[in-house]
Amino acid sequence: MDLKPGGIPHPHDYKRFLTRIIESYDSTIIRAYCKVRFTIININILHIIALCLRGKRKVLDVGCGFGLLGCYFSSLYPQIRYYGYDLNPRRIDMASRAARRLGLNNITFHCQDACTMKLDEQFDAIMMVDLLHHITDDSKYALLKNCALHLAPDGRLIIKDVTTHPSLKLAFTWAMDVLVTRSYNMWYWDENKFLSTLQQLFDRVDTFPITDWLPYPHIVYLAESINRHSSSVCS
Ligand SMILES: C[S@@+](CC[C@H](N)C(=O)[O-])C[C@H]1O[C@@H](n2cnc3c(N)ncnc32)[C@H](O)[C@@H]1O
């Protein structure tokens, strides 16, 4: 079996690759959460995001949670420099410990509020996986604009979120979100809302709806600009 320098199995053996990441977390409860999370964000979604990240160097993951995806992509692409931001200091602490345990030295995690974060550098890719429906609409607009302004000229914004239909899938997603966040407040957007907003900031937006056996209405959006610093973004 192929072993990478950090002792992580090669991603073509993805089950062992994911298991190794899950095992790097201290707590049994968090390991169980990570297993569930990697089932929800399944290997096909990871493959889509991996393709979106291919060739990118500096990657910002806003709302990175326990850093599962950060550990996955920074192991998959050792040449990237990965920055994970999350509001929750406990999650940031666990993410940092897991990355250390995996021997990853191309990733750092930071406690930051997506709604007030000040970015003073540019990124080749910014990703947000299941973050935006936790953020009010006004803050979403400001955050998306902030991201558009801090992408390198050939940079990419990668969003994985859920849409609002079919209503049974949305109801299930909402119930799970309530359970995990212990709050009733979620601000879901359908794909028309995402598209009309992203199209004001980016030249090209692609939408990849995901169909799998799970009752989540997943969608991946990929947004890019040719002339990023056009007046529409800066105004
Ligand atoms: C559903 S989890 C997704 C975590 C991670 N992206 C993943 O896919 O495993 C949503 C994350 O967003 C974070 N979050 C919510 N509001 C935030 C904010 N205003 N700024 C930064 N992170 C936030 C939460 O702490 C949580 O870790």
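**Ile-126 and its surroundings**

Let me start at Ile-126, which touches Leu-60, Val-62, Cys-147, Leu-151 and Leu-157, leaving aside residues up to four places away in sequence; contact here means that the C-beta atoms of two residues, placed from the backbone, lie within 7 Å. This is a predicted model, in which local features need pLDDT of at least 70 and side-chain atom pairs count only at pLDDT 80 or more, while totals for chains, interfaces and linings use all residues. Residues are numbered from 1 along each chain as its sequence is written.

Ile-126 is also, together with Val-59 and Leu-157, among the residues with the most contacts inside the largest nonpolar core, which has 62 residues. Such a core is a set of buried Ala, Val, Leu, Ile, Met, Phe, Trp, Tyr and Cys residues joined through C-beta atoms within 7 Å, and a residue is buried if 20 or more other C-beta atoms lie within 10 Å of its own, exposed if 12 or fewer, and partly exposed in between, with C-beta atoms placed from the backbone. Strand S4 (residues 123-129) provides the largest share of this core, namely 6 residues; helices (H or I, at least four residues) and strands (E, at least two) are DSSP runs, numbered from the N terminus.

What does S4 pair with? S4 pairs with S5 in the parallel sense over 6 bridges, where pairing requires that DSSP finds at least two bridges between the strands, and within S5 it is Leu-157 that stands opposite Ile-126. Because 9 of the 12 residues of S5 (residues 151-162) are buried, that strand is largely enclosed by the rest of the structure. Elsewhere, strand S1 (residues 58-62) runs parallel to S2 and is joined to it by 5 bridges, with Asp-61 standing opposite Gly-84 in S2. S2 (residues 81-86) is mostly covered, since 5 of its 6 residues are buried.

Turning to the ligand, 19 residues surround it, and the closest are Gly-63, Gly-65, Leu-87, Ala-114 and Val-129, a residue being near if its C-beta atom, placed from the backbone, lies within 6 Å of the molecule. By class, that shell has 10 nonpolar, 4 polar and 5 charged residues; Ala, Val, Leu, Ile, Met, Phe, Trp, Tyr, Cys and Pro count as nonpolar, Asp, Glu, Lys and Arg as charged, and the others, Gly among them, as polar.

Next, helix H8 (residues 191-201), whose buried residues are Phe-194, Leu-198 and Leu-201. Seen down the axis of H8, these fall within an arc of 50°, so they line one face of the helix, the arc being that of the directions from the helix axis to the C-beta atoms. Asn-192 and Ser-196 are exposed on the face of H8 turned away from its buried side.

Finally, the backbone geometry, for which the background is that most residues other than glycine have a negative phi, and most peptide bonds are trans. Asp-130 has a positive phi, near 55°, and sits in the loop between S4 and helix H6 (137-149), where it counts as buried because it has 20 C-beta neighbours inside 10 Å. Arg-182 likewise has a positive phi of about 55° without being a glycine, but with 7 C-beta neighbours inside 10 Å it counts as exposed, in the loop between H7 and H8. A cis peptide bond, with omega about -5°, joins His-165 and Pro-166, and Pro-166 lies in the loop between S5 and helix H7 (167-181).
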